Amino acid sequence: MYLPKIRKLLTAEELSIFYNHLTRLTYRRGQILIKQGSVANRMYLVEHGYCRSYVNRDGEEITDFFFFEKSFATDFASFCSDKPSLLNLVCAEDCTLLEITKTKLEILYKKYHSFSEIGRLMAESAFVQLEERVRLLHTEDLKTKYQFMI
């Protein structure tokens, strides 16, 4: 789910409340946001730059996904389950990110119905994206897979 879609779902007051719960941070290329084996307890809205998730397998970095501007970046499985992340999330270039902790997000979910609705829509979006990726991996050639990633 992308920021422009969220803006349409919130009133001006709710949008202001949302931004007040975010922390703007700048990171250099290569800085790790989530380390494999740690619990992802933060979600990032990519304001500028892009992030990459990857797994380490036998010393080799295997790219899992890219998160571009106006999208949310985290290990959603770890973020939702409080289990250790199976991947790393890194800034692929210098980035400006808006960070929200899981605790702050859960407060918004409890206090405002519209944020619960956004959480549901984000979960649906993540599920659809995952299903598309699985189907792609099983049915498409390498060139099509690459095109999907970018």
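This report looks at one helix pair and at the cysteines of a predicted model.

## Ground rules

Residues are numbered from 1 along each chain as its sequence is written, and side-chain values use heavy atoms, with hydrogens and water left out. As the model is predicted, local features need pLDDT of at least 70 and side-chain atom pairs count only at pLDDT 80 or more, while totals for chains, interfaces and linings use all residues.

## How α4 meets α5

Take helix α4 (residues 102–111) and helix α5 (residues 113–139): their axes come within 5 Å and cross at roughly 120 degrees. So α4 is oblique to α5. Helices here are DSSP runs of H or I, at least four residues, numbered from the N terminus. Axes are lines fitted to C-alpha atoms over the stretch in contact, with angles from 0 to 180 degrees between N-to-C directions. Under 35 degrees counts as roughly parallel, over 145 as roughly antiparallel, 65 to 115 as roughly perpendicular, and the rest as oblique.

On the α4 side, L108, Y109 and K111 do the touching; their partners in α5 are H113, F115, S116 and G119 (contact means heavy atoms within 4.5 Å). Sorted by type, the residues of this contact come out as 3 nonpolar, 3 polar and 1 charged.

For C51, the nearest cysteine sulfur belongs to C95 and is 4.3 Å away. C91 is in no disulfide either, with the sulfur of C95 as its nearest at 3.8 Å.

C51 is buried, at 0% relative accessible area, and C91 also counts as buried, at 2% (buried is under 20%, exposed over 50%, partly exposed in between, with a 1.4 Å probe and protein chains only).

Note on methods: Helix = DSSP H or I, 4+ residues; strand = E, 2+ residues; numbered from the N terminus. Nonpolar A, V, L, I, M, F, W, Y, C, P; charged D, E, K, R; others polar. Disulfide = S-S within 2.5 Å.
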